[in-house]
Amino acid sequence: MARILAIANQKGGVGKTTSCVNLAASLAAMKKRVLLVDLDPQGNATMGSGVDKHAVERSVYDVLVHRAPAHLITQRVPEGEFDVLPANSDLTAAEVELIGLEHRERRLEVALRELGDRYDYILIDCPPSLNMLTLNALVAADGVLIAMQCEYFALEGLSALISTIRRIGESVNRELQIEGILRTMYDPRNSLTNEVSTQLHRHFGDAVYRTVIPRNVRLAEAPSHGLPAMYYDRYSRGAKAYMALAGEIIRREEKRQYVPASELAVDQERG
């Protein structure tokens with residue numbers, strides 16, 4: 001079975017979608033079979049992977065609401081070696097329609113488990129809020145990768161997110177793990193960045209990835225071309241950083257070093 005990772009943060013603009021797209025491309029470059037699930041109605045992960053969200057006839061909406069088989073909806077990205085389960089504005093309606101459906105929080109979990117061993121990694125790009133779509137992602141996931149900027153308000157948002165993950169881990173998904181905390185838009189010249197990074201290491205220890213994602217022009221430009229940075233400029237600092245992250249994730253998988261959500265939350269509260 002694939003390892004399913006939800007890339008999440010309740011705060012927008014932290015590089016979550018950028019991380020999801022570029023991590024998918026990097027894992028694929030390392031010969032891993034990868035599916036990217038776009039669970040955000042904005043469809044940015046879909047467009048950033050090179051798939052036109054306006055042209056897709058069926059999307060993840062059909063998987064969640066109408067139980068369409070996921071393998072019939074996925075598309076191979078034009079320039080790469082991974083698949084995308086696309087999203088578009090239709091997904092906005094799913095939030096309302098799911099409320100009245102049976103097992104509404106497990107719709108995505110069932111769909112992804114039906115894929116069996118088609119993939120090594122399934123990455124879910126979550127919307128920047130805690131709603132029924134995010135809940136579906138966290139119930140389906142084996143682990144949560146938290147993308148965050150090293151700034152003051154990000155720490156407050158992180159605390160709320162950890163609490164949410166812990167509650168889900170104690171109720172509907174007892175297998176849920178904290179995959180890791182990824183520092184994005186990292187600028188070591190900024191004293192606040194260094195201070196927040198130090199606090200993250202102090203409170204969360206090995207849960208913080210060694211890899212950091214720098215502020216990089218190529219990373220910002222790539223989505224406008226419908227390409228992950230790996231395909232836009234593989235020698236850019238941003239592309240190299242995501243390759244390093246992919247390697248770190250694979251090594252953790254091999255060592256099976258994960259931090260339970262409940263344990264991480266306790267450590268954070270003690271800190």
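How many of the 14 residues of H1 are buried? The count is 12, so H1 is largely enclosed by the rest of the structure. The legends below concern a predicted model.

View 1. Helix H1 covers residues 16–29. Its 14 residues should span 20 Å at 1.5 Å a residue, and the C-alpha atoms at its ends are 20 Å apart, which agrees. The buried positions begin with Lys16 and Thr17 and continue with Ser19, Cys20, Val21, Asn22, Leu23, Ala24, Ala25, Ser26, Leu27 and Ala28. After H1 comes Lys31, which has a positive phi, near 70 degrees.

**View 2. The largest pocket.** This pocket holds about 470 Å³ of space. Its lining consists of 29 residues, and those nearest its centre are Gly15, Lys16, Thr17, Thr18 and Met185. H1 gives the largest share of the lining, with five residues. At least two lining residues come from each of H1, helix H2 (44–48), strand S7 (177–186), strand S8 (208–214) and helix H10 (217–221). Sorted by class, the lining has 15 nonpolar, 11 polar and three charged residues. Lys16 and Thr17, both nearest the pocket centre, are also among the buried residues of H1.

**View 3. The largest cavity.** One cavity of 30 Å³ or more is found when the whole structure is searched. The largest cavity contains about 40 Å³ of space. Its lining is made up of Ala8, Asn9, Gln10, Cys126, Pro127, Ser129, Thr134 and Leu161. Four of these lining residues are nonpolar and four are polar, with no charged residues.

View 4. In soluble globular proteins, nonpolar side chains tend to be buried together. The largest nonpolar core has 54 residues, and the members that touch the most others are Val37 and Leu112. Helix H8 (residues 152–170) supplies the largest share of this core, seven residues. A second, separate core has 32 residues, including Ala24, Ala28, Tyr121 and Ala229. Of these, Ala24 and Ala28 are buried residues of H1. Leaving aside residues up to four places away in sequence, Leu112 touches Ile4, Leu35, Val37, Ile122, Ile124 and Ala140.

**View 5. Arg113 in helix H6.** Arg113 lies in helix H6 (residues 107–113). The relative accessible area of Arg113 is 31%, so this residue is partly exposed. Its contacts, not counting residues up to four places away in sequence, are Met1, Ala2, Ile4, Ala140 and Asp142. Ile4 and Ala140 are also touched by Leu112. Between Arg113 and Ala241 there are 30 Å in space, C-alpha to C-alpha, and the two are 128 residues apart in sequence.

**View 6. Helix H12.** The 19 residues of helix H12 (residues 237–255) reach 27 Å from the first C-alpha to the last, close to the 27 Å expected at 1.5 Å a residue. Ala241 is buried in H12, as are Gly238, Ala239, Tyr242, Leu245, Ala246, Gly247, Glu248, Ile249, Ile250 and Arg252.

View 7. With a relative accessible area of 43%, Glu170 is partly exposed. Glu170 and Leu182 are 12 residues apart along the chain, and their C-alpha atoms are separated by 24 Å.

Notes:
Residues numbered from 1 in each chain as written. Predicted model: local features only at pLDDT ≥ 70, side-chain atom pairs only at ≥ 80, totals over all residues. Heavy atoms only, no water. Helix = DSSP H or I, 4+ residues; strand = E, 2+ residues; numbered from the N terminus. Expected span 1.5 Å × (residues − 1). Buried < 20%, exposed > 50% of the residue type's maximum accessible area, 1.4 Å probe, protein only. 1 Å grid on protein atoms, 1.4 Å probe; cavity = no way out; pocket = protein on both sides within 12 Å on 5 of 7 lines; lining within 4 Å. Points joined across faces, edges and corners; volume = space filled by probe spheres on them. Nonpolar A, V, L, I, M, F, W, Y, C, P; charged D, E, K, R; others polar. Core = buried A, V, L, I, M, F, W, Y, C linked by side-chain atoms within 4.5 Å. Contact = heavy atoms within 4.5 Å.
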